[in-house]
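Dear colleague,

Please find the structure below, together with a summary of what was found in it. I would be grateful if you could read the summary alongside the coordinates.

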Amino acid sequence: MKLENLAPAKGAVKNSKRVGRGQGSGKGGTATRGTKGAQARAGYEHKIGFEGGQMPIQRRLPKFGFTNPTRVEYKAVNLPEIQALSEALGKAEINIEDLRSAGLVSRSELVKVLGRGEITAAVNVTADAFSKSAIEKIEKAGGKATVIE
């Protein structure tokens with residue numbers, strides 16, 4: 001094999017459609033744009049969502065629902081993640097800074113500890129919120145759940 005022998009696969013390369021090159025080409029005259037109207041002219045652009053004058057879908061469909069402007073969103077962290085972090089750091093106290101440094105939550109996120117999974121180590125956890133099951137499991141293992149005010 002040599003560089004001068006390389007070629008694209010058969011059927012991979014097609015010739016471009018040459019429009020507006022006379023009647024004999026079969027694509028002369030209107031150059032496959034149809035007749036008249038804005039779309040036949042150069043520089044035609046339509047607005048986003050324009051459907052040719054038909055009522056656009058975003059206006060045909062009704063509005064519904066409600067977005068609560070005061071909603072507070074939490075990043076969920078489960079118990080096995082806290083136990084793994086406690087074992088990795090060798091600490092019995094886990095706070096939000098530890099979770100951030102481990103990459104479990106970002107700087108601006110509020111943290112809620114959820115009770116999925118099991119925890120066996122006695123770990124004191126400090127977070128923005130806890131589920132009831134998480135508090136039960138942490139205290140059952142001999143730890144303490146502290147909510148940041």
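Buried means under 20% relative accessible area, exposed over 50%, and partly exposed in between (1.4 Å probe, protein chains only). This is a predicted model, in which local features need pLDDT of at least 70 and side-chain atom pairs count only at pLDDT 80 or more, while totals for chains, interfaces and linings use all residues. Residues are numbered from 1 along each chain as its sequence is written, and side-chain values use heavy atoms, with hydrogens and water left out.

Salt bridges

The structure holds five salt bridges (a side-chain nitrogen of Lys or Arg within 4 Å of a carboxyl oxygen of Asp or Glu). One of them joins Lys91 to Asp98 at 3.1 Å, N to O. Asp98 is buried, at 10% relative accessible area, whereas Lys91 is partly exposed at 34%. Another pairs Arg60 with Glu51 at 3.5 Å, N to O; Arg60 is partly exposed at 42%, and Glu51 is partly exposed at 29%. Arg71 and Glu73 also form a salt bridge, at 3.2 Å, N to O, and both residues are exposed.

Asn78

Asn78 lies in strand E1 (residues 74–78); strands are DSSP runs (E, at least two residues), numbered from the N terminus. Asn78 is buried, with a relative accessible area of 17%. Not counting residues up to four places away in sequence, Asn78 touches Leu114, Gly115 and Arg116, where contact means heavy atoms within 4.5 Å.

Yours sincerely

Methods: Helices (H or I, at least four residues) and strands (E, at least two) are DSSP runs, numbered from the N terminus.
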